[in-house]
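Here's a quick tour of one protein chain, written for someone new to reading structures. Take a look at the model first, then work through the notes.

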Amino acid sequence: MKLTILGCYAATPRTISNPTSQVLEIKNRLFLIDCAEGTQVQLRKSKVKFSKINHIFISHLHGDHFYGLVGLISTFMLLNRESDLTVHGPKGIKEIILLQLRASGSFTGYNLYFNELESKESQTIFEDDRVVVKTIPLKHRIYTNGYLFQEKNLERKLNIEAVENYNIDKVYFNKIKFGGDITLENGTIIPNSELSFDPQVAKSYAFCSDTIYNEEIIPIIENVDYLYHESTFLESEAHLSEKTMHSTAKQAATIALKANVKNLILGHYSTRYGNIQLFKDEAQTIFQNVQLADDGKEFDFE
């Protein structure tokens with residue numbers, strides 16, 4: 001699992017920083033999370049193979065989280081994309097995007113689907129044999145969701161040496177990977193524990209941007225490996241966080257502590273601050289394992 005931060009600052013793009021967008025690589029899937037202005041440029045700078053992005057997750061319909069979406073959709077068309085693209089986001093996103101495409105006489109040569117969200121309860125919105133994605137209902141000025149990404153580790157790892165020693169045919173490898181015992185021709189049963197190793201522990205990542213301090217999300221994000229939580233303000237401007245329905249670095253750390261997450265990534269910084277190290281310093285008074293998001297930064301989840 002690998003996270004690439006394309007942008008992580010609040011409100012407006014600047015020459016030195018970009019608003020929210022990030023790419024999560026998980027089980028050979030590429031998911032785009034939010035798509036602010038400048039996302040395409042950042043994708044290219046980060047050398048992300050964005051043609052492999054088949055699902056885009058938009059948290060809410062404030063411009064610093066989705067104004068780059070129609071441009072990316074159009075670029076996919078110009079690059080002769082053929083594979084399907086699904087956009088998950090709040091109800092209304094389909095109308096907005098299709099209106100822009102119609103007004104500009106644009107079209108897509110690929111299937112464009114919209115999964116519009118309205119529920120204020122956590123729900124599974126994507127699942128395949130490798131990954132499951134659930135919403136994290138947040139509290140902001142408009143309808144907003146975070147997203148929880150979880151690996152599925154169903155397959156065990158083959159013990160090649162043991163399999164070869166017992167001269168087991170390849171046709172039984174899948175059975176072994178999914179926990180099955182093997183019966184040899186002489187009737188001897190070889191337990192799966194001798195033929196395979198335990199799978200790696202499944203990893204998880206929670207994206208929570210643009211929300212007031214909200215303990216209701218704790219049961220959803222409990223024990224995740226990495227939590228990205230917005231920290232627009234420091235405690236010295238806590239009155240602004242309440243007014244704008246954002247969080248402080250200290251509040252983000254408190255959520256991380258109460259949810260027993262392993263690592264906290266801070267982001268969505270207000271550009272009023274000249275040094276983002278201040279956010280880490282404040283958060284670490286509550287929770288120790290804190291990292292700072294920054295444009296272009298990569299996190300390898302080991």
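The chain exposes about 14,700 Å², and carbon and sulfur atoms supply 47% of that area (Shrake-Rupley method, 1.4 Å probe). Keep in mind that this is a predicted model: local features need pLDDT of at least 70, side-chain atom pairs count only at pLDDT 80 or more, and totals for chains, interfaces and linings use all residues. Residues are numbered from 1 along each chain as its sequence is written, and side-chain values use heavy atoms, with hydrogens and water left out.

**The whole chain**
- You'll find eleven helices and 18 strands here; these are DSSP runs numbered from the N terminus, with helices being H or I of at least four residues and strands being E of at least two.
- The C-alpha atoms fill a box of roughly 75 × 55 × 35 Å along the principal axes.
- Of the 302 residues, 51% count as buried, meaning under 20% relative accessible area with a 1.4 Å probe and protein chains only.
- Take the contacts (heavy atoms within 4.5 Å) between residues at least 6 apart in sequence: 63% of them join residues at least 24 apart.

- Seven strands make an open, mixed sheet in the order 6-5-4-3-2-1-18; two strands pair if DSSP finds at least two bridges between them.
- Strand 6 (112–117) and strand 18 (298–300) sit at the edges with a single partner strand each, so one side of each has no neighbour in the sheet.
- From one strand to the next, the twist averages 15°.
- Helix 4 (residues 93–103) packs on this sheet, touching strand 5 (85–90) and strand 6, and its direction makes about 145° with that of strand 6; axes are lines fitted to C-alpha atoms, for helices over the stretch in contact, and angles run from 0 to 180 degrees between N-to-C directions.
- Strand 1 (residues 2–7) and strand 2 (residues 21–26) pair antiparallel over five bridges, and L3 has L24 in strand 2 as its bridge partner.

**A hairpin**
- Strand 7 (residues 124–127) and strand 8 (residues 131–138) are joined by a hairpin through three residues, and they pair antiparallel over three bridges.
- F126 has V133 in strand 8 as its bridge partner.

- S231 lies in the loop between strand 15 (226–230) and helix 9 (238–244).
- Is S231 buried or exposed? S231 is buried, with a relative accessible area of 0%.
- Leaving out residues up to four places away in sequence, S231 touches S247, T248, A249, L266, G267, H268, Y269 and F279.

Definitions and conventions
Buried < 20%, exposed > 50% of the residue type's maximum accessible area, 1.4 Å probe, protein only.
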